[in-house]
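I opened a new notebook page for this chain.

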Amino acid sequence: MAQTLRVPATEFARKFTTFREQVQTAGVIEITAHNRTIGAFLSAAELEHYQTMKKREREVIRVSEMDDETMALIASAEYGKASE
């Protein structure tokens, strides 16, 4: 994905149709006012990713509901070592 664009709010408002097309390749356009981010314009793909991540924030997994394979992976995990 391309680097996030930062655009002043006034420019975003004036040239919305241009940014509507650019967001598809940029993924996210940060909207700023006085050099502070006040919001963002997300592509459909980034919005879907955001919604998935928000859903996972609230997901609760009880130890009693975990399968044996997941429990074994957790038990054998070592701090600082990436899984293979």
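I took helices (H or I, at least four residues) and strands (E, at least two) from DSSP runs, numbered from the N terminus. The model is a predicted one, so I noted its limits: local features need pLDDT of at least 70, side-chain atom pairs count only at pLDDT 80 or more, and totals for chains, interfaces and linings use all residues. Residues are numbered from 1 along each chain as its sequence is written, and side-chain values use heavy atoms, with hydrogens and water left out.

Overall form

I read the order of elements along the sequence as β-α-α-β-β-α-α, which comes to 4 helices and 3 strands. The radius of gyration is 20 Å, well over the 12 Å that the globule rule gives for 84 residues, so the chain is more spread out than a compact globule. For this I used C-alpha atoms, and the rule is 2.2 Å times the number of residues to the power 0.38. Along the principal axes, the C-alpha atoms fill a box of roughly 55 × 25 × 25 Å.

I looked up burial next, with buried meaning under 20% relative accessible area, exposed over 50%, and partly exposed in between (1.4 Å probe, protein chains only). Buried residues are 14% of the 84 in the chain. The accessible surface, from the Shrake-Rupley method with a 1.4 Å probe, is about 7,300 Å², and carbon and sulfur atoms hold 52% of that.

I defined a contact as heavy atoms within 4.5 Å. Of the contacts with a separation of 6 or more, 31% join residues 24 or more positions apart.

Core

Which residues make up the largest nonpolar core? I found Val7, Phe12, Phe19, Val23, Ile29 and Ile31, 6 residues in all. The elements that give two or more residues to this core are α2 (16-26) and β2. Such a core is a set of buried Ala, Val, Leu, Ile, Met, Phe, Trp, Tyr and Cys residues joined through side-chain atoms within 4.5 Å.

I listed the contacts of Phe19, leaving out residues up to four places away in sequence: Val7, Glu11, Phe12, Ile29 and Phe41.

I then checked threonine 32, which lies in strand β2. Its relative accessibility is 8%, so threonine 32 counts as buried. With the residues up to four places away again not counted, threonine 32 touches Arg6, Val7, Pro8, Ala9, Thr37 and Ile38.

The loop between β2 and β3

Histidine 34 lies in the loop between β2 (28-33) and β3 (36-42), and I noted a positive phi near 55° there, in a residue other than glycine. Asparagine 35 has its place in the loop between β2 and β3, with a positive phi of about 65° although it is not a glycine. Is histidine 34 buried or exposed? At 76% relative accessibility, histidine 34 counts as exposed. Asparagine 35, at 73%, counts as exposed.

Glutamate 57 lies in helix α3 (residues 44-58) and is exposed, at 58% relative accessible area. I looked up its C-alpha separation from alanine 40, 17 residues apart along the chain, and got 21 Å.

Alanine 72 is found in helix α4 (residues 68-76) and is partly exposed, at 44%. The C-alpha atoms of alanine 72 and isoleucine 31, 41 residues apart along the chain, are separated by 45 Å.
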